[in-house]
Amino acid sequence: MSAAVSSELYAQVQHFYARQMQALDNGRLEEHAGTFTEDGSFALTPGTEPAVGPQAILEELRAFMKQFEGNPTQLRHYFNQIVLDPREDGSLVSTVYALIVRTRPQEQPEIGVSIVLHDVIDTAGDRFRLRSRAVSYDQAA
């Protein structure tokens with residue numbers, strides 16, 4: 001078992017994730033992409049090359065969100081079971097279970113996908129940023 005992180009650090013990571021996902025869910029894609037380091041990578045689709053750097057990540061997000069144009073779908077990302085493992089360089093390896101809920105007007109919310117996020121969080125400086133994020137889809141297992 002890895003070394004435990006402090007309750008304060010755990011809460012800070014939860015806060016980081018909350019702000020990051022609310023930016024995404026509310027269409028603030030530039031803000032979301034800005035939560036990655038300059039050389040940060042985002043592997044959204046298994047089997048494809050990850051987007052590297054905030055600008056490439058922004059383009060990947062824009063391309064992904066095109067499927068919802070003209071469709072009044074609201075996505076909400078719910079994170080749970082966050083496991084944080086500190087690394088010697090001060091960064092954190094984070095494994096997160098997530099459900100993405102889709103809601104359309106006049107319809108019941110439905111779970112879109114169940115995923116696991118594999119992140120490396122850079123804790124240096126004045127704010128957290130992601131060095132990498134890889135997404136694995138439970139239904140693809």
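Predicted model: local features only at pLDDT ≥ 70, side-chain atom pairs only at ≥ 80, totals over all residues.
So, Arg62: with a relative accessible area of 38%, Arg62 comes out as partly exposed. On the cut-offs, buried is under 20% relative accessible area, exposed is over 50%, and partly exposed is in between, with a 1.4 Å probe and protein chains only. Residues are numbered from 1 along each chain as its sequence is written, and side-chain values use heavy atoms, with hydrogens and water left out.

Back to Arg62, then. Arg62 sits in helix α3; helices here are DSSP runs of H or I with at least four residues, strands are runs of E with at least two, and both are numbered from the N terminus. Leaving aside neighbours within four places in sequence, Arg62 is in contact with Leu29 and Glu30, where contact means heavy atoms within 4.5 Å. Arg62 and Thr45 are 17 residues apart along the chain, and their C-alpha atoms are separated by 14 Å.

Okay, another arginine. Arg102 lies in strand β4 and is partly exposed, at 26% relative accessible area. What is Arg102 in contact with, leaving aside its neighbours within four places in sequence? Thr73, Gln74 and Leu75 are on the list, and so are Gln108, Pro109, Glu110 and Gly112. Then look across to Asp122: 20 residues along the chain from Arg102, with 30 Å between the two C-alpha atoms.

Compare that with Asp85, over in strand β3. Asp85 is partly exposed at 23%, and its C-alpha is separated by 9.5 Å from that of Val120, 35 residues apart along the chain.

Now the stretch around helix α2, which covers residues 29–33 and holds His32. Is His32 buried or exposed? Buried, because its relative accessibility is 1%. Not counting residues up to four places away in sequence, His32 touches Gln20, Met21, Ala23, Leu24, Leu61 and Arg133. Pick Ala23 from that list: Ala23 is in helix α1 and also counts as buried, at 1% relative accessibility. With the sequence neighbours up to four places away left out, Ala23 touches Arg28, Glu31 and His32. Ala23 and Ala33 are ten residues apart in sequence and 9.3 Å apart in space, C-alpha to C-alpha.

On to the core. In soluble globular proteins, nonpolar side chains tend to be buried together. A nonpolar core here is a set of buried Ala, Val, Leu, Ile, Met, Phe, Trp, Tyr and Cys residues joined through side-chain atoms within 4.5 Å. The largest one has 29 residues, and those with the most contacts inside it are Val13, Tyr17, Phe42, Ile57, Ile115 and Ile121. At least two residues of this core come from each of α1, α2, β1 (36–43), α3, β3, β4, β5 and β6. The largest share, five residues, is from α1. If you click on Ile57, you'll find that it touches Ala33, Phe36, Gly40, Ser41, Phe42 and Ala51, not counting residues up to four places away in sequence.

The grid has 1 Å spacing over the protein atoms alone, and a pocket is an open set of points where a 1.4 Å probe fits, with protein on both sides within 12 Å along at least five of seven lines; lining residues have an atom within 4 Å of a point. The largest pocket holds about 470 Å³ of space, with volume being the space filled by probe spheres set on the points.

Last bit, backbone angles. Most residues other than glycine have a negative phi, and most peptide bonds are trans. Gln81, in strand β3, has a positive phi, near 55°. Gln106 has a positive phi too, near 65°. Gln106 lies in the loop between β4 and β5, and is exposed, with a relative accessible area of 83%.
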